[in-house]
Amino acid sequence: MEALTQYSNYIVLAITQIIWLGLFIYMLSVDKKIKNIEKK
Amino acid sequence: MDKLLKYGLFVWLAVVICFAIVAPIPAVGTMGERARILYFHVPTAWVSTVAFIMALFYGAQYIRKRDILYDYKAASAAALGLLFAILATVTGAIWAKFEWGAFWNWDPRQTSIFVLILVYGAYFALRSAVESEEQRAKLSSVYSILAGITVPFFVFIFPRIVDSLHPDPIVNSSGKVKMDTYMLIVFLSSLAGFTGLFVWMLNLRVRIAKLNMKENQA
């Protein structure tokens, strides 16, 4: 429990970065799909 | 170039997130670590305001030019504005729980953003209630103009004329910025990153709308 409190900022940082990475990959793939349809 | 901008945005926001969450923060009143919410809460509120104003602009463009694409652009901007307004409300409520002791206090800032969410929720209710595309575009464009006019009042005027527990806005009533230089740099970087993210999201939504339009016409 103490470790959780001590490293809370780093835990929040890791979670936020994972969410941002997920959102970025999702948006990139949507972008790519749209581009492919536009080309057709 | 296009790809470079997207990857650039990814790196930019990833670095901003690191600075916002881990880097030491100067003392801001009695807030301590809770002041970090500023780096996420204010940019989401800012983006929602920009989006609502853009919805007003595109609504007016539709009325002028009668091009259905402007209606799609207005609806896309309003949808993203609503999403970011909800994010600002949720982040604000979480902060309020720790700072004020309750998630919801009907503070002027909370009330004004709640009213804006209702106003733009009604915009989408209106859109879904009209079947004819042209009629829907006309009505919702007029509505987005009227709703957009209320945005500066709810965001900039109302919270400043009523007593509030909410911390001072970044630009205070005397028109000056009261913020530590280091915090200001991280904050402005976050603001730029969130604005870039919004522009990309809007671009995707508008392109999807264009494809739908083409499919409907075919």
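Predicted model: local features only at pLDDT ≥ 70, side-chain atom pairs only at ≥ 80, totals over all residues.
B:Trp106 is not a glycine, and yet its phi is positive, at about 50°. As background, most residues other than glycine have a negative phi. Is B:Trp106 buried or exposed? It counts as exposed, with 8 C-beta neighbours inside 10 Å.

The loop between helix 3 and helix 4 of chain B also holds B:Phe103. B:Phe103 counts as partly exposed, having 14 C-beta neighbours inside 10 Å. If we set aside neighbours within four places in sequence, B:Phe103 is in contact with B:Ala93, B:Ala96 and B:Lys97. As for B:Ala88, 15 residues separate it from B:Phe103 in sequence, and the two C-alpha atoms are 13 Å apart in space.

B:Arg66 has its place in the loop between helix 2 (38-65) and helix 3 (68-99) of chain B. With 13 other C-beta atoms within 10 Å, B:Arg66 is partly exposed.

I now turn to chain B as a whole. Its secondary structure comes to six helices and zero strands, and the order from the N terminus on is α-α-α-α-α-α. The radius of gyration of chain B is 19 Å, close to the 17 Å that the globule rule gives for 218 residues, so chain B is as compact as a globular protein of that length. The C-alpha trace of chain B spans about 60 × 45 × 30 Å along its principal axes. How many of the residues of chain B count as buried? The figure is 33% of the 218 residues. Turning to contacts in chain B between residues at least 6 apart in sequence, 75% of them join residues at least 24 apart.

The remaining topic is the contact between the two chains. Chain A contributes 14 residues to this contact, and chain B contributes 13 residues. On the side of chain B that touches chain A, the elements giving two or more residues are helix 1 (2-21) and helix 6 (181-217). Helix 1 of chain B gives the most to that side, with seven residues. By class, the side of chain B that touches chain A has 11 nonpolar and two charged residues, and no polar ones.

Let us look at one helix pair across this contact. Two packed helices are described by the angle between their axes and the distance between the axes. Helix 2 of chain A, residues 8-39, packs against helix 1 of chain B at an angle of about 165°, and their axes are 10 Å apart. The two helices are therefore roughly antiparallel to each other, since angles over 145 degrees count as such. The crossing of helix 2 of chain A and helix 1 of chain B is right-handed.

Which residues meet here? From helix 2 of chain A they are A:Asn9, A:Val12, A:Leu13, A:Thr16, A:Gln17, A:Trp20, A:Phe24 and A:Leu28. Facing them, helix 1 of chain B supplies B:Lys6, B:Phe10, B:Leu13, B:Ala14, B:Ile17, B:Cys18 and B:Ile21. By class, this contact of helix 2 of chain A with helix 1 of chain B has 11 nonpolar, three polar and one charged residues.

Note on methods:
Residues numbered from 1 in each chain as written. Chains lettered and ligands numbered in written order. Contact = placed C-beta atoms within 7 Å. Helix = DSSP H or I, 4+ residues; strand = E, 2+ residues; numbered from the N terminus. Nonpolar A, V, L, I, M, F, W, Y, C, P; charged D, E, K, R; others polar. Axes fitted to C-alpha atoms, helices over the stretch in contact; angles between N-to-C directions. Parallel < 35°, antiparallel > 145°, perpendicular 65-115°, else oblique. Left-handed = near helix turned anticlockwise from the far one by under 90°. Rg over C-alpha atoms; globule rule 2.2 N^0.38 Å. Buried ≥ 20, exposed ≤ 12 C-beta atoms within 10 Å, placed from the backbone.
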